[in-house]
Every structure is written in C-alpha cells, then in structure tokens.
Amino acid sequence: MRRIRFCLCGLIGVCLAVSARPAQARLVVDRIVVRGQTDVTTRVLAARMHLYPGDSVDFAVLVAAQQRLVESDLFSSVRVLIDLPTAEAVRRIYLDEQTYPVEVVVEATGKQAWFVFPTASLGSGDRAGGLVYANQNLFGRDVQLVSAAQLGQTASYVFAAFRDPLMVGAPLTYSTSALYRREQIRLFAKHAMVMQVPTTVFGGDGQIGWVFSPHTRAYVGASARRQTVDPVEGLALDAIPLPYNSRSGRIFLLQFQLQYDDTRAQEGLRQGTLLLLKNELSDQYWLSDFDYSKFEVRLEMYRHYWWNYPSVILKMVLDYPTSDHGVPVTEELRIGGPNLRGYTTNEFHGDTLFSLQAEDQAVLWRLHLPWTQTPFNLAAALFVDAATLLDRHPGGTTIAPPDSQPAPVRSKLNDLHASFGGGIRVILPGVVVPAVKIDVGYGIDVRDVAVTLSIAGGGLL
C-alpha cells in the first residue's frame with residue numbers, strides 16, 4: 001500500500017512538473033524571404049520586425065512582427081507567415097523536442113514611396129506657391145527625405161530634412177534638416193498692419209531619439225541658425241512703431257521632445273491621437289546671442305463616426321525671454337490665417353498662446369477616375385477656431401520698451417479671438433494634407449470674412 005501511494009505521488013509530481021514547464025518554441029529563424037512588390041531591403045524588414053536568424057518563432061511572434069510592419073506605413077498590404085500547415089507548426093512549436101530552422105516569409109505590397117507635388121495658398125492677406133519632393137523609403141532603406149521650396153508674399157524658403165525612423169539593430173531614431181528663409185515679419189495693431197520687418201534665417205538642426213514603442217519616442221537635439229534683421233519697412237503714416245527685438249545674431253538651441261503618435265490616414269482622412277511635449281532653450285552659455293525658453297504642448301485627436309471625421313487640436317505655447325537678449329523676432333509666436341481661420345495671416349503676435357481648432361469633415365462622394373485606381377474623397381467641413389495670444393513681454397525682451405504701458409497681469413475678453421465657418425476638401429488616400437482645401441471663415445471680433453485656398457497645405461513652413 002505504501003509503495004502504491006509512493007508511485008501515485010511520484011506520478012502526480014511528474015505531471016505537475018510537466019504542466020508547469022512553459023511551452024517553448026522549437027522553430028528558429030533560418031532566413032527571411034520577401035515575396036511581392038516592395039523595395040524595402042531584407043535587413044530593414046528584419047529590424048522592423050525585431051526578427052533575426054536564430055530567434056525563436058511562434059504564432060505570437062509572427063503576429064507581433066506583422067503588426068510592426070503595418071505600423072511602419074510602408075505597405076498597402078503585408079503578411080508575415082511560415083510555410084507550414086497549422087497542425088504541423090503547432091506540433092513542432094509545442095510538442096516536438098527537436099529544433100527546426102524555418103524561413104519567415106514576408107508577403108508585401110509596398111506603397112508609392114515618393115511624391116512630387118506643387119503647393120500654393122491664396123487668401124487671408126497672403127499668397128505663396130512652391131514645390132515639394134518627399135520620399136519615405138529612400139533607396140529601399142526605410143529612411144525619409146523631404147525637400148521643399150516656396151516663393152511667397154511674406155515668406156520664401158528652401159528646406160530639406162532627412163530622417164531615419166528606426167536605426168537597424170538599435171531602437172534609435174535620428175534626423176537632420178537645413179533651412180534658408182527670407183520673411184517679412186508683419187506687425188498689426190487693431191487688425192491693421194502697422195509695419196513689416198525684413199528678416200533672413202539660415203542654418204540647421206539635428207535630433208537623436210529613443211524609440212520606446214512604434215508610437216512613442218523621445219528626442220534630444222540641437223539647432224544652430226543665424227538671423228539677420230533689416231530696418232523696418234512699410235511703416236504706416238502717423239503710426240507709432242511697435243516694439244520688436246531688432247537684434248541679429250546666432251540662435252543656438254537645445255531641444256527636448258516627447259511624442260506619442262498613433263495617427264494614420266489610410267483613406268487620407270486622419271484617425272488616432274497625437275500628443276507632443278517640446279521644450280527649446282537658448283542661452284549665452286552655449287554662445288547664443290539670444291536668451292529664451294519655448295515650451296509647447298499639443299494634443300490632436302481624430303475620430304471616425306459613420307461618414308463623419310471629427311477632430312480637435314489643442315495647443316499651448318509659452319515663449320518667454322530670460323534676459324535682455326530676449327526672443328528672436330523670427331521665433332515670436334504668431335497666429336492667424338490657416339491656424340486661426342477668419343483672420344489675416346499671422347495677424348496676432350505675442351509670447352503666450354492657447355488655441356483650439358475643432359472641425360468635422362463629412363465625406364460626400366468618393367470619385368474613381370477612369371485612368372487611376374486611386375479614389376478621391378470629396379468632403380465638406382464645418383469648423384470653430386479660438387485662440388488667445390498674449391504679449392506679456394512687448395518687444396520680446398525682459399526690458400520694457402520706452403513709453404509702453406505695463407503688460408496686463410491677466411487676459412481680458414478682448415484677448416480671445418474666435419471664428420467659425422465651413423469649407424470643401426479634396427482628399428487623397430494615404431496623404432494627411434488635403435490635396436485641395438477651401439475655407440471660408442468669419443472672424444467674430446473683426447466682423448469680417450476671410451477666404452483661404454490651399455493646395456497640398458500651401459507649402460507653409
């Protein structure tokens with residue numbers, strides 16, 4: 001009896017030990033095979049999937065790898081699989097003790113990687129036109145290049161940026177850009193232009209970041225630019241010049257940024273959430289000719305209900321001088337026009353901004369042209385914009401301008417600007433910016449209507 005009891009206990013112990021042992025994959029990656037039409041290299045695919053030769057494979061690993069490729073936004077369709085019947089794969093993964101090398105197959109159809117398109121904007125007191133070239137899969141290496149040039153009534157520029165979203169072999173990202181911009185800074189009082197200041201800015205910046213997840217990234221970086229400020233032009237008759245920072249010189253910035261972005265635009269109508277926290281610091285200790293701090297918080301939410309695509313954009317920016325060197329005139333906050341519809345472009349300036357843009361786009365018609373398979377979405381939009389931009393440090397420095405009134409300690413009702421209106425959108429699949437956008441906005445406090453027409457975002461930088 002004792003022997004039987006001992007055997008039963010031993011059998012139960014063995015069963016418990018076997019059941020407690022976690023199932024381990026018996027399939028390992030031999031190589032990655034690509035099928036379909038895509039220019040993405042196998043090395044980049046392996047880095048995106050986090051799968052390399054010798055790694056263990058099971059169904060959960062394959063699903064996670066496929067999801068990472070979907071989130072890369074490089075493919076119109078993609079599947080990750082192994083060429084084994086399901087029953088055989090289950091047996092080899094969970095039951096067989098032998099290790100089997102397998103080929104991981106990626107069946108993919110790549111998206112159009114590069115675009116060349118014109119940009120233009122007309123209305124709200126400004127005109128501009130330009131050209132943009134963008135490639136999100138340069139040389140098949142999953143690196144991005146964007147270049148743009150614009151000639152405009154108030155701003156003309158040449159811009160180029162290079163970005164690696166995910167370095168091969170490491171969860172890191174980096175980017176760099178260069179800019180030359182000639183701009184007329186227009187200053188307004190009581191909704192009328194008082195004067196304009198010609199400026200020139202040229203330089204570049206670079207960032208390196210840590211990729212926490214496909215949607216979350218943190219960046220540190222530096223920016224080096226040089227600014228020149230010319231004498232005032234176009235001073236209105238009998239007008240008192242408004243205070244501004246006339247200093248020219250070097251702008252050296254340290255940059256810190258945290259971003260969560262799960263937005264997507266498969267049909268050109270954006271969905272998801274974007275949260276951005278950003279801080280820029282300029283100081284004489286790193287040889288900058290300006291001293292200021294700029295802190296930004298932005299929340300963008302895009303949803304989809306039936307044929308409606310509502311969105312809300314909330315933004316707060318604090319742009320404060322920390323010495324008499326102050327904020328460069330080209331970095332002072334401005335709003336009006338596309339970001340505050342119903343008002344003149346960049347009509348308001350200051351250092352403390354709170355803004356809201358609420359909009360609902362309703363798809364009216366999906367048009368399939370006979371010579372292409374790409375459907376155009378025709379949508380109508382209703383919007384409400386509101387913003388307050390306070391000038392707590394007139395002139396952009398810590399020294400009060402002569403003969404100026406003390407800055408108010410709190411906002412007033414007159415500091416709030418709001419508008420409402422509607423518009424038409426022509427939207428392409430996979431492109432976040434509408435191909436054609438017409439907005440008619442009514443500025444409540446100015447009691448005036450502003451019409452803005454933009455092509456591919458208008459080329460604003």
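**Note on salt bridges, helices and a surface patch**

1. R35 and E107 form a salt bridge, with the closest N and O atoms 3.9 Å apart. R35 lies in strand 1 and E107 in strand 4, so the pair ties together parts that are 72 residues apart in sequence. A salt bridge here is a side-chain nitrogen of Lys or Arg within 4 Å of a carboxyl oxygen of Asp or Glu. Helices (H or I, at least four residues) and strands (E, at least two) are DSSP runs, numbered from the N terminus. R35 is partly exposed at 34% relative accessibility. E107 is partly exposed too, with a relative accessible area of 26%. Buried means under 20% relative accessible area, exposed over 50%, and partly exposed in between (1.4 Å probe, protein chains only).

2. On the basis of the values: this is a predicted model, where local features need pLDDT of at least 70, side-chain atom pairs count only at pLDDT 80 or more, and totals for chains, interfaces and linings use all residues. Residues are numbered from 1 along each chain as its sequence is written, and side-chain values use heavy atoms, with hydrogens and water left out.

3. The structure holds 22 salt bridges. One of them joins E300 and R298, with 2.8 Å between the closest N and O atoms. E300 counts as buried, at 8% relative accessibility.

4. R425 and D439 also meet through their side chains in a salt bridge (2.8 Å, N to O). R425 lies in strand 20 (residues 416-427) and D439 in strand 21, so the pair ties together parts that are 14 residues apart in sequence. Both residues, R425 and D439, are buried. Salt bridges with shared partners join R341, E359, D385, R425, K437 and D439 into one network.

5. Strand 21 (436-443) and strand 22 (448-455) each supply at least two patch residues. Strand 22 gives the largest share, four residues. I438 sits in strand 21. I438 is partly exposed, at 36% relative accessibility.

6. T388 belongs to strand 19 (residues 375-390). T388 is buried, with a relative accessible area of 15%. Its side chain reaches the backbone oxygen of D415 at 3.0 Å. Leaving aside neighbours within four places in sequence, T388 is in contact (heavy atoms within 4.5 Å) with T352, L353, F354, D415 and L416.

7. Helix 2 (residues 42-49) is mostly covered, with six of its eight residues buried. These are V44, L45, A46, A47, R48 and M49. Their cover includes strand 1 (27-37), helix 3 (59-71), strand 3 (75-82) and strand 4 (100-110). H50 follows helix 2, and its phi is positive, near 60 degrees.

8. In helix 4 (residues 86-95), the buried residues are A89, R92 and I93. Down the axis of helix 4 they fall within an arc of 95 degrees, so they line one face of the helix. The arc is that of the directions from the helix axis to the C-beta atoms. The face turned away from the buried side carries the exposed residues A87 and L95.

Conventions:
A polar contact is a pair of N or O atoms within 3.5 Å; within protein, one must be able to donate a hydrogen and the other to accept it, and residues adjacent in sequence count only if both atoms are side-chain atoms.
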